[in-house]
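Subject: Structure handover, with notes on disulfides and the main pocket

Hello,

Here is the structure I said I would pass on. My notes follow below it.

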Amino acid sequence: MSSSTRLRSYLYGSVAVGAMSLATTGAFAAPCTGPGAPANTQTKCLTAVQIPGNPLRSFDISWVNPDRAEMYFADRSNAGVQVIDTQHLTWKRNLGGFVGIILNGAGAVNNNLSGPDGVTSHGRWLYAGDGNSTLKVFDLNSPSNVSVASISTGGTTRLDEMALTTDGRLLVAANNAEDPPFGTLFSANGDDASNHVAKIAKITGDPTIIPPGAGASIEQPAWDPKTARFLVSVPQIANNPTGCTFGPGGATPCQGGLMIFDPTTIHSDTVIGAFDPATNIGILKLHDCGPNGASVGPHDNVILGCNPGNVGTNTTTQVINATTKNFVEVGNIVGADEVWYNSGDNRYYLGASKDCAVAGSPCPATPQQKAELGVINAETNLLIEKIPQSSNSHSVAADSKRNLIFVPQVAPVGTVGVGGDTTAVGAGICGSTNGCVGVYQHDVDDDDHDDDDHDHGHGHDH
């Protein structure tokens, strides 16, 4: 019996017994329909998990802890980190205390001030960034839904994406909306039974590389255990190429970079300069890529979510080797925000909210620009497939033990207004007009499934 057959038998056999309670609580949706559930893809839309409370208008990063069988995602619409049971595919609880949605003067969501934003976890500890520049720490073993600590990074805007070392002892988190942007290195809890998170240092880029006033940013970090370095996506850096301009447009927009540093050498506030190959530290210039996402896969390769929202000429995704810095470009997919390597099936998954339907040209506005779940073979670095998603679907995480992929969906624009889904895709995936977390499965043969706990050393499968 395949893994898919086993899972479907378990799920739908259970539903028949408790159909009344499931229908009442909304914990489980009908199987997916519509463009987001194509019959001819390897990655199948299995079901959707409904989220209690306000319809989903705005969310940010997703994360999975396969050892706890839990998925977490930053739900600004309900001012909390939602926890989903990845074994039974049901909602569990909402970790609260965040600022929620903050609107701008035009009535749209102000991402720079809303929260939660970045999310990561190790063992019993969950870490999440808020719109008021604070890091919130939760003990997942506690029945309380309240954080055990809230630590300011000293900024005035959101604390966004973050990453942990493999042992969970060091955490880096990005204040991407500050001017200039900065990161904060924290000591984290590892596997300890009590909280002792503390700030170690503020990390900034050399102002000649990440200049103030240019609208620069830093995005998703990842931990690479082979080189023992944090790798932080930088959407645009100065003079890459010489004479370039910041912003997605212009004749010569600046390409991005990777900020690379060894956290064990940082003991006070630190400025990261140009890349030095002798130390493997510094801001590396990238070619034809303004990245948001970063995730470490097999063979010390790192997938970068090149994004035309940063650099309008980007039309491909990039995979770069963290040791050699050699890279390949993956065609026919672009525009990812969060990217995720799943060691269970050796595939990369991309929350490609700005994928371009017109190949080989700068990404145009909708309707050519679409949201897709991208699937890439991590051995060959070739695109396998793209699956339509709701508008602005930019967040994705996978459970490597169960080969389940989780993709939050916004509610329709008619339900939540500006920021909502302008297509019918999300409602088909969700089976509702409230938004949801779509659950996809890649069916792996039993022989392969026995290997799905193998860790290829990326920053996501802790």
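Is the disulfide of Cys 32 and Cys 45 left-handed or right-handed? The torsion about its S-S bond is about -70 degrees, so the disulfide is left-handed. Please keep in mind that this is a predicted model.

Disulfides

Searching the whole structure gives 4 disulfides. Three of them are described here, among them the pair already mentioned.

In the pair Cys 32 and Cys 45, the sulfur atoms are 2.0 Å apart. Cys 32 sits in the loop between helix 2 (19-25) and strand 1 (43-49), while Cys 45 belongs to strand 1, so the bond ties together parts that are 13 residues apart in sequence. Cys 32 and Cys 45 are both buried.

Cys 289 is joined to Cys 306, with an S to S distance of 2.1 Å. About the S-S bond the value is -100 degrees, and the link is left-handed. Distant parts of the chain are linked by this pair, 17 residues apart: Cys 289 is in the loop between strand 18 (282-285) and strand 19 (291-296), and Cys 306 is in strand 20 (residues 301-306). Both Cys 289 and Cys 306 are buried.

Cys 430 and Cys 436 form another disulfide, again with 2.1 Å from S to S. The torsion about the S-S bond of Cys 430 and Cys 436 is about -80 degrees, which means that this disulfide is left-handed. Cys 430 is buried, as is Cys 436.

Largest pocket

The largest pocket holds about 920 Å³ of space. Its lining is made up of 36 residues, and those closest to the centre are Asn 111, Arg 158, Asn 292, Asp 337 and Lys 354. Which elements give two or more residues to the lining? They are strand 2 (59-65) and strand 24 (347-356).

Sorted by class, the lining of the largest pocket has 18 polar residues, along with 9 nonpolar and 9 charged ones.

To recap, the disulfide of Cys 32 and Cys 45 is left-handed, and so is the link of Cys 289 and Cys 306, as well as the disulfide of Cys 430 and Cys 436. The largest pocket, at about 920 Å³, has Asn 292 and Asp 337 among the residues closest to its centre.

Regards

Technical notes
Residues are numbered from 1 along each chain as its sequence is written. This is a predicted model: local features need pLDDT of at least 70, side-chain atom pairs count only at pLDDT 80 or more; totals for chains, interfaces and linings use all residues. Side-chain values use heavy atoms; hydrogens and water are left out. A disulfide is a pair of cysteine sulfur atoms within 2.5 Å. Helices (H or I, at least four residues) and strands (E, at least two) are DSSP runs, numbered from the N terminus. Buried means under 20% relative accessible area, exposed over 50%, partly exposed in between (1.4 Å probe, protein chains only). On a 1 Å grid over the protein atoms alone, a cavity is a set of points where a 1.4 Å probe fits but cannot get out, and a pocket is an open set with protein on both sides within 12 Å along at least five of seven lines; lining residues have an atom within 4 Å of a point. Grid points are joined across faces, edges and corners, and a volume is the space filled by probe spheres set on the points. Ala, Val, Leu, Ile, Met, Phe, Trp, Tyr, Cys and Pro count as nonpolar, Asp, Glu, Lys and Arg as charged, and the others, Gly among them, as polar.
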